[in-house]
Amino acid sequence: MSMKRAVVLLSGGMDSCVCAALGARDFDAAAMHIQYGQRTEARELKSFHAVCERLGIRDRLVFRNPVFRAIGGSALTDNSIAVPEAEAEFHGGAPAERGSQIPVTYVPFRNAHFLAAAVSWAEVLGAEKIYIGAVEQDSSGYPDCRPEFYRAYNEAIRTGTKEGRIEVFTPLIGMRKADIVTLGLELGAPLDLTWSCYSREDRACGVCESCVLRLRAFAAAGVPDPIPYEAANVGTVR
C-alpha cells in the first residue's frame, strides 16, 4: 500500500526541519517553500532544497508571495526597519511572555497566508495533513504561533474545503527549543543544513532573537550548533 500524503511547510529553519523529518518519517511528504521578500530568502531557499535532499523529499513547490514586501511593517521584509538585537531577557533569561509586546520581526498574519497555500496544494495532492513547525514555548511571542490560532484555522479548513478532512498538525508547538534540538538529533534531521538568522546569509549574526534562541537551545541540549556564526557574537549568548 502507498503511504498517505502530507504537505510540509519548510522554511529551511531548525524547527521546520525537525517538523519535516517527522512528516517524511510518517507520510509521503511534499514540501512547500514560500519566498516572501525576507532578508535571507536566498539562503533559506538553499537550506530548503538541501534539507529536502537529505530527507528524500522529491515533491517540492517553491513560489513567491509579494504581499508581505508590499505591505511592509516587519523588520524581515521592510528595509526601513532594522533587525534588532535580542532583548536582554533572551540572553540566559526567560523567553518572552505571552501578551508582551510583539517584536518588529513579526510578519503580519504570515502563517495564515502560508497555510492557505498549503491547504490548496493539499487538496490537489489528496493530502490530509499539513505539518508546520510553529513553536509557542521559547519563541519570540508571535500571535500566529499560538495553539488557539491553529484550532481556529482547522475549523476554517473543515468548513471551507471540499471534503473537510485536511488538518494542520503542529507537533512542536508545546516543546522547548532544547527538546526540539534533541528530537531532531534522534530523528537524524539535518540541522547542519538549516538557517535561522534573520539578517545575514553568509555567517549567522548570533545576536538577533532567532540566533540567540537557537544558540541557547543547542547549549541547553548539550551539543554544538553546527552552522557558522560570527565568532565575536557567539560568546555573548548564555
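The questions and answers below concern the strands, cavities and nonpolar core of a predicted model.

Q: Is strand 2 largely enclosed or exposed?
A: Strand 2 covers residues 28-35. Buried here means under 20% relative accessible area. Seven of the eight residues of the strand are buried, so the rest of the structure leaves strand 2 largely enclosed.

Q: Which residue of strand 2 is the bridge partner of V7?
A: Strand 1 (residues 5-9) runs parallel to strand 2, and five bridges join them. Between the two, the chain passes through helix 1 (residues 14-26) in a right-handed β-α-β crossover. The bridge partner of V7 in strand 2 is A30.

Q: Which elements give two or more residues to the lining of the largest cavity?
A: There are two cavities of 30 Å³ or more, and the largest holds about 770 Å³ of space. Its lining has 37 residues, of which S11, D15, R110, G133 and Y198 are the closest to the centre. The elements that give two or more residues to this lining are helix 1, strand 2, helix 4 (110-125) and helix 7 (209-221).

Q: How many charged residues are in the lining of the largest cavity?
A: By class, 17 residues of this lining are nonpolar and 13 are polar.

Q: How many residues of the lining of the second largest cavity are nonpolar?
A: The second largest cavity has about 40 Å³ of space. T105, Y106, V107, R110, N111, Y142 and D144 line this cavity. Two of these residues are polar, two are charged, and the number that are nonpolar is three.

Q: Which element gives the largest share of the largest nonpolar core?
A: The core has 41 residues, and V7, L9, L115, I130 and Y150 have the most contacts inside it. Strand 1, strand 2, helix 4, helix 5 (147-160) and helix 7 each give two or more residues to this core. In soluble globular proteins, nonpolar side chains tend to be buried together. The largest share of the core, seven residues, comes from helix 4.

Definitions and conventions. Residues are numbered from 1 along each chain as its sequence is written. This is a predicted model: local features need pLDDT of at least 70, side-chain atom pairs count only at pLDDT 80 or more; totals for chains, interfaces and linings use all residues. Side-chain values use heavy atoms; hydrogens and water are left out. Buried means under 20% relative accessible area, exposed over 50%, partly exposed in between (1.4 Å probe, protein chains only). Helices (H or I, at least four residues) and strands (E, at least two) are DSSP runs, numbered from the N terminus. Two strands pair if DSSP finds at least two bridges between them. A crossover is right-handed if, with the strands pointing away from the viewer, the path from the first strand over the helix to the second runs clockwise. On a 1 Å grid over the protein atoms alone, a cavity is a set of points where a 1.4 Å probe fits but cannot get out, and a pocket is an open set with protein on both sides within 12 Å along at least five of seven lines; lining residues have an atom within 4 Å of a point. Grid points are joined across faces, edges and corners, and a volume is the space filled by probe spheres set on the points. Ala, Val, Leu, Ile, Met, Phe, Trp, Tyr, Cys and Pro count as nonpolar, Asp, Glu, Lys and Arg as charged, and the others, Gly among them, as polar. A nonpolar core is a set of buried Ala, Val, Leu, Ile, Met, Phe, Trp, Tyr and Cys residues joined through side-chain atoms within 4.5 Å.
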